[in-house]
Amino acid sequence: AVYGDPTPQDRETLDSVITELHDLVETVEVSIVSTDPNLEIHFAPVDDFPSIEPNYVPGNLGFVYIYWDAGGAIYSGRVLISTTEITQAERSHLIREELTQSLGLLNDSWTYHDSIFYQDWTNTPAYAPIDREIIRMLYLPALSPGMSLDAALDLLRKPA
């Protein structure tokens, strides 16, 4: 569900990212609902972030926090997108990054400059090829929450 003050461009970006995720992931359906969401997306001034998500880490203009069960399955989360201090292009990047990270891809990297997961500040507007592959891999039907690292690596090393 979407809360706060998204711009028309925010809504357009959100719809675009959801469409792209549907093309990449067959095992998860993402849609905007008006009641009983398992993911909240809040568009708000950054100063309001701590009151919306108690686990917010100051200094972030986009933030995601997810909750998972004892078996490692994600059951809910909260995305925060600042409506202050950033441009529309930066907001669009943060919508893509934080929504994608809410699927369980929480870490960033210093390695791939064109990735939405690049650690340094960017406003990358699209998934890089490596982003698409990581998203596909994470949600392969044969992978499951709580799977050991060795079992997951064995599965991923098998030829397609």
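**View 1. Phe43 pairs with Ile81 of strand β4.** The bridge partner of Phe43 lies in β4 and is Ile81. Strand β2 (residues 39-44) and strand β4 (residues 74-82) run parallel. Six bridges join them. Two strands count as paired if DSSP finds at least two bridges between them. Strands (E, at least two residues) and helices (H or I, at least four residues) are DSSP runs, numbered from the N terminus. The model is predicted: local features need pLDDT of at least 70, side-chain atom pairs count only at pLDDT 80 or more, and totals for chains, interfaces and linings use all residues. Residues are numbered from 1 along each chain as its sequence is written, and side-chain values use heavy atoms, with hydrogens and water left out.

**View 2. Strands β3 and β4 form an antiparallel pair.** Seven bridges join β3 to β4. Val64 has Val79 of β4 as its bridge partner. The hairpin of β3 and β4 has five residues between the strands. In this hairpin, Gly72 takes a positive phi near 90 degrees.

**View 3. Trp68 sits in strand β3.** Strand β3 covers residues 62-68. Neighbours within four places in sequence left aside, Trp68 is in contact (heavy atoms within 4.5 Å) with Ala73, Ile74 and Tyr75. How far is Trp68 from Ala44 in space, C-alpha to C-alpha? The two are 25 Å apart, and 24 residues apart in sequence.

**View 4. The whole chain holds five helices and four strands.** Along the sequence, the pattern is β-α-β-α-β-β-α-α-α. The radius of gyration of the chain is 16 Å, close to the 15 Å that the globule rule gives for 160 residues, so the chain is as compact as a globular protein of that length. That radius is taken over C-alpha atoms; the rule is 2.2 Å times the number of residues to the power 0.38. The C-alpha trace spans about 45 × 35 × 30 Å along its principal axes. Of the contacts with a separation of 6 or more, 56% join residues 24 or more positions apart.

**View 5. Surface and burial of the chain.** Buried residues (under 20% relative accessible area, 1.4 Å probe, protein chains only) make up 38% of the 160 residues. The accessible surface comes to about 9100 Å². Carbon and sulfur atoms account for 53% of that surface. Areas come from the Shrake-Rupley method with a 1.4 Å probe.

Technical notes:
Buried < 20%, exposed > 50% of the residue type's maximum accessible area, 1.4 Å probe, protein only.
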